[in-house]
Amino acid sequence: MSKPLRIFLQGLFILASGLTSGGCVRQQPRADVVIVNGADPESLDPAIITALEDYRVVPALFEGLTRIDPKTAVPIPGLAENWEVREEGTEYVFQLRPGLRWSTGEPLTADDVVFSWLRLLDPLTAADYAAQLFCVKNGEAFSTNGITDASKVGIHALDRNRVRVQLNHPVPYFLDLCASPTMAVVPRKVIETHGDRWLQVRPLPSSGSHTLEVWRLNDKLRLRKNPLYWDAANTVNSTVEFLPVGSPSTALNLYERGVVDIIWDKDLVPSELLDDLKSRPDFHAFPYIGTYFVRFNTTHPPFNDPRVRQALALAVNKRRIVERIIRGGEPVAHQLVPTGVAKHQAPDGLIPDPDAGRKLLAEAGFPQGKGFPVFQYLFDSAAGGGAKVHAKIAVELQEMWRRELGIRMELRQLEKKVYLAAQNGLDYDLSRSSWLGDYNDPNTFLDLFLSNNGNNRTGWKNARYDGLIHRANLERDDLQRSELLREAESLLVRQEAVVIPLYFYLGFQFYDGNRIEGIHGNILGMSAVRTIRNKAMEKGRDR
Amino acid sequence: MYLVRRLMGMLPVMLGISFLAFMLVRLAPGGPFDHERRPASPEIERRIREKYHLDEPLLTQYGRYLSGLIRGDLGPSLKYRNHSVSDIVIQGLPVSMTLGLCAFVFALGVGLPSGFYSAAKQGGFGDYASSLIALSGVCVPAFVVGPLLVMEFAVRKKMFPVALFESPMHLVLPTVTLGLYFSGRVSRLLREGMIAVRNAEFVMAARAKGLSDISVLFRHVFRIGVLPVVSYSGPMLADLLTGSFVVENLFQIPGIGVFMVNSSLSRDYTMIVGLVLVYAVLLLVLNLLVDVAYRWLDPRVSYE
Amino acid sequence: MSETQPASEGMAGRETGMSGVFKRFASRRLAATSAGLLALFVWLVILWPWIEPHHPYALGDAQFAPPGGRHWGGTDVHGRDLLTRMMHGASMSLMVGAAGALVSLVIGVSWGAVAGYSGGRVDALMMRGVDVLYSLPSIIFVVVLITTLESALKQWFSKAFSTEFAASTRFLLLFFGLGSVSWLTMARIVRGQVLSLKNRSFVAASRVLGASHLHILRHHILPNVWGIVIVYLTLTVPSVVLYESFLSFLGLGVQPPQASLGSLIAEGASQINSVRIYWWLIAFPSAMLASILLALSVVGDGLRESLEVRNRE
């Protein structure tokens, strides 16, 4: 290196040091566990959150009446110690644990629970997920301005420690809903004084295993153990940090250098590398409640003909897509509801069979694809650094249908929001789609395609399907219910073929099992923060 | 006087920018609250829009925005609903500016000498070598340079951290990644600027007076030859100080460059307009400084 | 060297004419060779679809095959031939670059020259206009442009011309969008140069001699600006080409399965990681873009010098 260059670089370095020490950079001791969480949480307010990144953090701050067992993803007692189900499943009485306190010391009572749930329904909160409580008596009417008197809603505190919830009809997955982060218990006083910016308050009262220490957007999120949590004895770490990382290779580099201990977002594992990474001992995959599929717009001919839809579904070589493009070992999907979802029986789907497809297409009036109009496949760009999996699948599908059925498909890639607008407005022929379940029950997938569901987005309305789903959800016997749901799902993916399921998601976690323990891959993809232990850090501290 | 007039003139320009940006973002399809999953009832969607006044006529909304702006309130972010736009700018802007300033110094520190050298040795081997390097800086984008630098100096040689923003060492690779492209452009512009005036009459005159070659280059040729670089510095510095999406994303730097792009993608209306205003203030002030620097470097320039 | 001499440049230039410039250019061996190679490459790109050994969209089983006998440039994730995709991408990128360069040449230069030459209020107004456009979020601008105009234009095109032509609506809009953001810095730079030039003695002399503004602009100012214009054009082309890849990445640019050099580079860059690198995916497209740009700027250099000689005569 020549001398002037060295002097220049040194000067630059001194400038940088001056600038960074000028207050823009803060160094804190390393947290016990550092986790790459994917995109930045948009919010930590249970009433606002909708994304998985938020869902993974919020339960550590705010707990609900039940919580998820990190191993099995079934609801177990949380703030509520136990509950009674009465009136044929339409009334729940929850008994809170004695002596519950907020992290700031105030007692946590049944009133807080009632406040939190009514807040979720309150029109002024404008919560995306208010509908989770529409099953409660007068919940929907209160939420959509029908009634204004909150005391008419079927959520009441019977005394300091008991909450009674009255439902419109039995809800087989109600306890799952109670464990959902959306329904967690939030601090009334702070919210009433600070409005939308209540999460900036420090100390922030929390009802979960951790308290919020630092939350800097696009920078880091740091949690500290809450000693007043009812189960604090079983919280095995004292600080946990979440980093938002936008680029998969950056996440991997940080992991390799030991800056982070865990990567637990599937978008941050580069899919091109999956077949290499898969064989490493620190790679952990588990079934996850999500499905990648293709929607048909059933209002656009010729896709209003079920035979055409079936023909296209039969001609897709799903195995090639999974093995060559996705490469993470994901299972091929022939149904909408992923295997492993509780209380689910899978119907027979359409097993790929190009010959049968060609025959059906001919029956529909398009022998060898003759006369079939050129149609479009709508998909969104993977902005933000994720692997461009949508474009790759689109390219594969285009070629498969050209070769197998002799029909021509154009690709129409749109920026995400434009894509959503097009899908919502039924301005497409075929569209790339995916769905992640909210709770561990088939209903979280199947109710999408009810005629009046805003997420249907296919134009498909089927009275028989609607009837089956409604009947199933009134059915108290689990076996009978899953039978009804199976029939409905069969209608969706086989007889009517409104969607072409391509594959079921897997969840991925990257961590060294020798150092990190207590992290679980459950079907909801939500491992509990409180149980994650970093053995290496503990050793360091002891020394 | 000139300065005062220019500063006063900035107000209507800012107003124009805020108005255009405000209307433009609303022309784009899709809104801030359109997600992969819609709320189960249209009533909920309507209420969210109502809460953030998106249901009002556009001009009313703009009036509301302006009245907030006068009080220094940029409004709540529509994506990060627990944060206000000011929260995010105050948090991220200093970080982006730190990195941007380092990259600016790097760009000038590398670009000016190499351009000068090229111009001095015009047509010679040194010129070609230096031009080649400058051009590769210009046409190999940051999203290629960055990962390669990380691979070599952070992953393999472990000389620098791979990402994050915690110490001056963390700034080295991002600075180079960000600055390289600009240094290439600075170098090319300076070379051209100097060559263009090398044979101008006043340079000939200076040479005729018997000044040595090198001092003519420094005192006369450089002074005027650097003008294109000065012109370019305004937008360049404004770009650098407001962060770069690619570099901040790659090195996980908590600046506002990422928000510049992501707010557009997520249709975070208030955030887009807020960031545009921040950018515009920087750009206008810097362009003013450029014009002042112009007059200082080339006394014959007048703006009347 | 007298003060009035540059004023006669225009006359001398006209006498020797463009053929003189061409001769001088041809005598610069490096520049002439580059121009020849560039022309050859453009022909190759144009003719490629007739001579290509592999179909650009044909998927294959050989994923990520390294360069070899069958695929000279290796293959990508779908087993497609990289060389073929590069040639198709190059034609796209050359068009995008040309569009950007053309717009910044026509609009940018005239805007900057008029602003700088007029000075005063006109200058202030025109430059604030540039500031306003420069500040607006370009992504949103392109989104609005494409979504509001695409379907309308498409319908009109398919009615007025043919459906094949309508299919290229997106490209036209893309060129337009890229062009509309690429001229702004050019305008600033030209305006700065003109500000400095218009007070030089030879311009003043010409004004005293009673030359019209248009005459002064065309014969005294612009000839002295060409150098920086050409250099800045060679800088605009790569930035437009790369900006296109950014837009494509956001789903606003070229539609898959089509490619551009920029999007191929972006695709390759996403493969850089510590586990393994499919080096050909990043090295070949980058090298192709870099060599095109290198040749372009050598040609630009030669052109500028030929023009300069003409000016000095």
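**Sheet and helix packing**

A: Strand β5 (residues 91–96) and strand β7 (residues 162–166), both of chain A, run antiparallel and are joined by five bridges. Strands here are DSSP runs of E with at least two residues, helices runs of H or I with at least four, numbered from the N terminus; two strands pair if DSSP finds at least two bridges between them. The model is predicted, so local features need pLDDT of at least 70 and side-chain atom pairs count only at pLDDT 80 or more, while totals for chains, interfaces and linings use all residues. Residues are numbered from 1 along each chain as its sequence is written, with chains lettered from A and ligands numbered from 1 in the order in which they are written.

Q: Which residue is the bridge partner of V93(A) in β7(A)?

A: The partner is R164(A).

Q: What is the strand order of the open sheet in chain A?

A: Strands of a sheet pair through backbone hydrogen bonds, either parallel or antiparallel. Here the order is β4-β5-β7-β6 in chain A, with antiparallel pairing. β4 (80–86) and β6 (155–159) of chain A each have a single partner strand, so one side of each lacks a neighbour in the sheet.

Q: Which helix packs on the sheet?

A: Helix α3 (residues 110–121) of chain A touches β5, β6 and β7 of chain A. Contact requires C-beta atoms, placed from the backbone, within 7 Å. The direction of α3(A) makes about 175 degrees with that of β6(A); axes are lines fitted to C-alpha atoms, for helices over the stretch in contact, and angles run from 0 to 180 degrees between N-to-C directions.

Terms used. Contact = placed C-beta atoms within 7 Å.
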